[in-house]
Amino acid sequence: MKVPFLDLKRQYGTIRDEVLRSIHEVLEGQNFILGEEVERLEREISDYCGSRHAVGVASGSDAILLSIMALDLEPGDGIITTPFTFFATAGSISRLGYIPLFVDIHRRTFNVDPDKLREFVETKCHLGKKDQLMSRERNIPIRAIVPVHLFGQCADMDPILELCRRHDLRVIEDAAQAIGSSYRPVSDRPPRSAGTMGETGCLSFYPSKNLGAFGDGGMVICQDAGMGDKIRVLRTHGSRPKYYHRLIGLNSRLDALQAAVIRVKLRYLDKWSERRKANALTYDRLFRDIDNDGLGISLPFTQYENRHIFNQYVIRAPQRDGLRKFLQQHGVGTDIYYPLPLHLQECYRHLGHQKGDFPVSEDAAQAVLALPIFPEITPEEQHYVVEKIGAFYRS
Ligand SMILES: *Cc1c(COP(=O)(O)O)cnc(C)c1O
């Protein structure tokens, strides 16, 4: 048997006619950049996520970049994020001349750990003029935080938001892996959607995300009209009207063809995310049957009453690299998100971090393994995956 890590062809097979019809309409109209199709998608994504505004952009990375640009910070300001995320989160901070300040993750959720954040503020910061939070090590003001909702589960936002209120930090949510997930720490309060808790939420339509385009695409969602408007201006080189530039922006627009594809897929997103959740439960059960605890394998953890949409199903496994190779030899595709934490990346050598600075992230980087969890995977395939994992540890 062969179990691919991700098989987009199966999904395409179920929506081919609808997608082709939608693409055909765009081709007949010959309007390819932004336009009505993108505006329709922006309204639909706003409705889906429960945001007031949505702005289509070229990628999830650009959604983060544009959101941070819109904050108008001072060069050299510090922005907190985690070292265990896709590069774009911290890369966007650095590209704009700000300094990423890393705080380690929670062992079980892989998201920024609110206790470590508090500890960071208490031990690594001091208050400057006008009570501005300052990084003691770097002697720079800290202005914002970019929490990441990794693998499809929201970060523990309440303590983060509370800290941000106290210290006047701005919040940009990296919700690239989390469209449709929600945060619910207390069961008698309504859930809050990923991307709607901070000043902006950044979505990605990269093909491997739960809502994937046929290429690159992204969106910024937000509640404030001024913020939405600013990102709209920034995505077209800061111009309004055309050829009159109020701001220095960039070219970061969503294509009508991508919007047409995403609009079709959005109608299935909840069904697909529910399938992923069901697949996660199937894995959990199969792993208990092979005594995963006894083997030292830890399973994904859903915190509180969050809605986890399982963009990835990530286990921690002893001898991870050997296991991955064994699975590959038996036709099972897996992936590693992420093999090297950001503070140890070559491009961040100038930040002066060392091994041991963020031990939970470093430990995760050498133990995590993402298993196939796409909506169309069959129970037989999942059974095969777990059986092979059991076989590896027995051999
Ligand atoms: C995918 C991803 C991004 C970037 O999205 P692109 O659309 O690929 O640019 C940013 N952050 C995280 C956590 C992601 O997973």
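Which residue lies over the face of Phe301? I looked, and Arg108 does, at 4.0 Å from the ring centre. My rule for a charge over a ring is NZ of Lys or CZ of Arg within 6 Å of the ring centre and within 35 degrees of the ring normal.

Ground rules for myself. This is a predicted model, where local features need pLDDT of at least 70, side-chain atom pairs count only at pLDDT 80 or more, and totals for chains, interfaces and linings use all residues. Residues are numbered from 1 along each chain as its sequence is written, and side-chain values use heavy atoms, with hydrogens and water left out.

**Cysteines.** I searched for disulfides (a pair of cysteine sulfur atoms within 2.5 Å) and found zero. Cys49 is in none, and its nearest cysteine sulfur, in Cys154, is 11 Å away. Cys49 is also buried, at 4% relative accessibility; buried is under 20% relative accessible area, exposed over 50%, and partly exposed in between, with a 1.4 Å probe and protein chains only.

**Aromatic pairs.** I paired rings of Phe, Tyr and Trp (its six-membered ring) if their centres lie within 6.5 Å, calling planes under 30 degrees apart stacked, over 60 edge-to-face and the rest tilted. That rule gives 17 aromatic pairs. One of them, Phe84 with Tyr338, is edge-to-face, at 6.1 Å centre to centre and 80° between the planes. Phe84 sits in the loop between β2 (78-81) and α4 (87-95) and Tyr338 in the loop between α11 (320-329) and α12 (359-367), so this pair ties together parts 254 residues apart in sequence. (Helices are DSSP runs of H or I, at least four residues, and strands of E, at least two, numbered from the N terminus.) Phe84 is buried at 1%, and Tyr338 is buried at 11%.

Next I checked Tyr283 and Phe287: centres 6.3 Å apart and planes at 40°, so the pair is tilted. They are four residues apart in helix α9 (residues 269-289), about one helical turn.

**Helices.** The axes of α5 (residues 114-124) and α6 (residues 157-167) come within 9 Å and cross at roughly 20°. I took axes as lines fitted to C-alpha atoms over the stretch in contact, with angles from 0 to 180 degrees between N-to-C directions. α5 and α6 are therefore roughly parallel (under 35 degrees; over 145 is roughly antiparallel, 65 to 115 roughly perpendicular, the rest oblique).
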